[in-house]
Amino acid sequence: MCICVNCNYVDRCNTYHAVEAQHEQPHLTDQPDFEPIEPSINVNIRSHQEYIEMEWDVVGCESFMMDMGKWAKLRPGEAIPT
């Protein structure tokens, strides 16, 4: 699971913005202005018969600042990305 959903900077972060793009999800912001320090991204690749699925998750970041449920506060009622 992406640690970004519980990060204070999720709605301003360039890295999370890129992850949203990879998942073809709506952006929390169109103009992120925060550049995180040393984000670590895991990319899980699953091969299916007709296509390849890639899941991107930020699993570490020197800039991470816990704000439990930050993503959910920004998108109330929506399913939290996993």
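Tutor: Start with a cut-off: buried means under 20% relative accessible area, and exposed means over 50%. Keep in mind that this is a predicted model.

Student: Is Glu 55 buried or exposed?

Tutor: Glu 55 sits in strand S2, residues 52-60. Its relative accessibility is 19%. The cut-off for buried is under 20%. Therefore Glu 55 counts as buried.

Student: Which side chain does Glu 55 join in a polar contact?

Tutor: Leave aside neighbours within four places in sequence, and Glu 55 is in contact with residues including His 23, Asn 42, Arg 46 and Thr 82. A polar contact of 3.1 Å links the Glu 55 side chain to that of Arg 46.

Student: How are the rings of Tyr 9 and Phe 34 arranged?

Tutor: The count comes to 1 aromatic pair. The ring centres of Tyr 9 and Phe 34 are 4.1 Å apart, with the planes at 5 degrees. Planes under 30 degrees apart count as stacked. So the pair of Tyr 9 and Phe 34 is stacked.

Student: How many residues apart are Tyr 9 and Phe 34?

Tutor: Tyr 9 is in the segment before helix H1 (14-22). Phe 34 is in the loop between H1 and strand S1 (40-47). The pair links distant parts of the chain, 25 residues apart.

Student: Is Glu 62 buried or exposed?

Tutor: Glu 62 lies in the loop between S2 and helix H2 (70-74). Its relative accessible area is 59%. Exposed requires over 50%, so Glu 62 is exposed.

Conventions: Residues are numbered from 1 along each chain as its sequence is written. This is a predicted model: local features need pLDDT of at least 70, side-chain atom pairs count only at pLDDT 80 or more; totals for chains, interfaces and linings use all residues. Side-chain values use heavy atoms; hydrogens and water are left out. Helices (H or I, at least four residues) and strands (E, at least two) are DSSP runs, numbered from the N terminus. Buried means under 20% relative accessible area, exposed over 50%, partly exposed in between (1.4 Å probe, protein chains only). A polar contact is a pair of N or O atoms within 3.5 Å; within protein, one must be able to donate a hydrogen and the other to accept it, and residues adjacent in sequence count only if both atoms are side-chain atoms. Contact means heavy atoms within 4.5 Å. Rings of Phe, Tyr and Trp (its six-membered ring) pair if their centres lie within 6.5 Å; planes under 30 degrees apart count as stacked, over 60 as edge-to-face and the rest as tilted.
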